[in-house]
Amino acid sequence: MTSQTTTGSCCSSDGSCGSDTKADVQGAGVTTVYKVSGMTCGHCEGAISQEISALDGVTAVKAVAASGEVSVTSSAPLDEGAVRAAVDEAGYELVGTA
């Protein structure tokens, strides 16, 4: 994995940020792992988790900046376009599924 600097990130150039809020809700259902570029810290994880958690049917979100992966559990399969829009709204890029 290569290191990237993303303009518009919530973090400073050294990777630090002002918050380490996380949304991590566990549940049952369909779990899909997405690759997201630009996450560098806990605040990034929280921003993505918050946006994806707002999608209908989502029961759990676990974003991990170190791996660039976001695990999403939902009651039914999600429309990738909706997930892409949520990640975009948070200020990051959905690369695809892991």
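1. Ala 60 stands opposite Thr 73, a residue of strand 3. The model is a predicted one. Strand 2 and strand 3, the latter covering residues 69–74, pair in the antiparallel sense over 6 bridges.

2. These strands belong to an open sheet of 4 strands, with antiparallel pairing and the order 2-3-1-4. Strand 2 (58–64) and strand 4 (93–97) are the edge strands, and each pairs on one side only. On average, neighbouring strands of this sheet are turned by 30° against each other, direction ignored.

3. Which residues of helix 2 are buried? They are Val 83, Ala 86, Val 87 and Ala 90. Seen down the axis of helix 2, these buried residues fall within an arc of 95°, so they line one face of the helix. They pack against strand 1, helix 1 and strand 4. On the other side of helix 2, Asp 88 and Glu 89 are exposed.

4. Tyr 92 lies in the loop between helix 2 and strand 4. Is Tyr 92 buried or exposed? Tyr 92 has a relative accessible area of 7%, and buried means under 20%, so Tyr 92 counts as buried. Tyr 92 and Ser 37 are 55 residues apart along the chain, yet their C-alpha atoms are separated by 6.2 Å.

5. The largest nonpolar core has 21 residues. Those with the most contacts inside it are Val 36, Met 39, Ile 48, Ile 52, Val 70 and Tyr 92. At least two residues of this core come from each of strand 1, helix 1, strand 2, strand 3 and helix 2.

6. Leaving out residues up to four places away in sequence, Met 39 touches Cys 44, Glu 45, Ile 48, Ala 63, Val 64, Ala 65, Gly 68, Glu 69, Val 70 and Tyr 92. Among them, Ile 48, Val 70 and Tyr 92 are also listed with the residues that have the most contacts inside the core.

Definitions and conventions
Residues numbered from 1 in each chain as written. Predicted model: local features only at pLDDT ≥ 70, side-chain atom pairs only at ≥ 80, totals over all residues. Heavy atoms only, no water. Pairing = 2+ DSSP bridges. Axes fitted to C-alpha atoms, helices over the stretch in contact; angles between N-to-C directions. Core = buried A, V, L, I, M, F, W, Y, C linked by side-chain atoms within 4.5 Å. Buried < 20%, exposed > 50% of the residue type's maximum accessible area, 1.4 Å probe, protein only. Contact = heavy atoms within 4.5 Å. Arc of directions from axis to C-beta.
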